[in-house]
Amino acid sequence: MSRRVAIMKAACEEFGMTFVLETAPDPTTDVGVAGAQAYILEKAPEWIEKYGTNSAFFCTNDAHTEPLLKQLLEYGGYFVEADLPSPLMGYPGALGLDFTDAGGDFEKILKTVEDAIVEKGGAVEVYACATHAVLSGPAIERIKNSAIKEVILLDTIPVPEDKMIDKFTVLPTAPIFAEAIARIYNDKPFTAAFS
């Protein structure tokens, strides 16, 4: 955790942003999930008032996701997906959605979540990114039919011509890898490579 905080602080500094660390109870302690979530529900409006609606919020525990999303939709602010973004991670509870009849239809679940977020004013445009564009099965059709405006892909896996669609922007990895290697070799800050 301390390494992640150090990286985030350095990146914020380079981009002229202010990094602020707020803490919340760990749901694996005696407060439990309910206590940790109650804390987020109570504190998030104060944080939004203190830092403003142009602030981005990030949580490191999945149990914090649902109440944070709920409060950001209510009071404003940006939610940063930590890792493994999923329409099932916090969104159903935060948006009051019931998927018992979805029967594992991921396309239907994703569309329902996207529509609910847009309806609540939580997003005007939806963007996605992927490190490795595997694009198997019905991925292309799902992306075409989704609310996603643009998908940023890295060229770590070539996108076949028949799968390339207008929503895709493919970025090369070689320049950033070369820059990273040079910076590490010369003992220079790595985050500067992203400016």
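Start with the open sheet: three strands, ordered β3-β4-β5 and paired in parallel. Strands here are DSSP E runs of at least two residues, helices are H or I runs of at least four, and both are numbered from the N terminus. Two strands count as paired if DSSP finds at least two bridges between them.

Select 126–130 and then 168–171. These are β3 and β5, the edge strands; each has a single partner, so one side of each lacks a neighbour in the sheet. From one strand to the next, the twist averages 20° (axes are lines fitted to C-alpha atoms, and angles run from 0 to 180 degrees between N-to-C directions).

This is a predicted model: local features need pLDDT of at least 70, side-chain atom pairs count only at pLDDT 80 or more, and totals for chains, interfaces and linings use all residues. Residues are numbered from 1 along each chain as its sequence is written, and side-chain values use heavy atoms, without hydrogens or water.

Five bridges join β4 to β3. Click V126: opposite stands I148 in β4.

Move to 174–185, helix α7. Its twelve residues should span 16 Å at 1.5 Å a residue, and the end C-alpha atoms are 16 Å apart, so the two agree. The expected span is 1.5 Å times one less than the number of residues. After α7 comes D187, with a positive phi near 55°.

Finally, show the whole protein. Seven helices and five strands make up its secondary structure. The C-alpha trace spans about 45 × 45 × 30 Å along its principal axes. Of the 195 residues, 28% are buried (under 20% relative accessible area, 1.4 Å probe, protein chains only).

Definitions and conventions. Buried means under 20% relative accessible area, exposed over 50%, partly exposed in between (1.4 Å probe, protein chains only).
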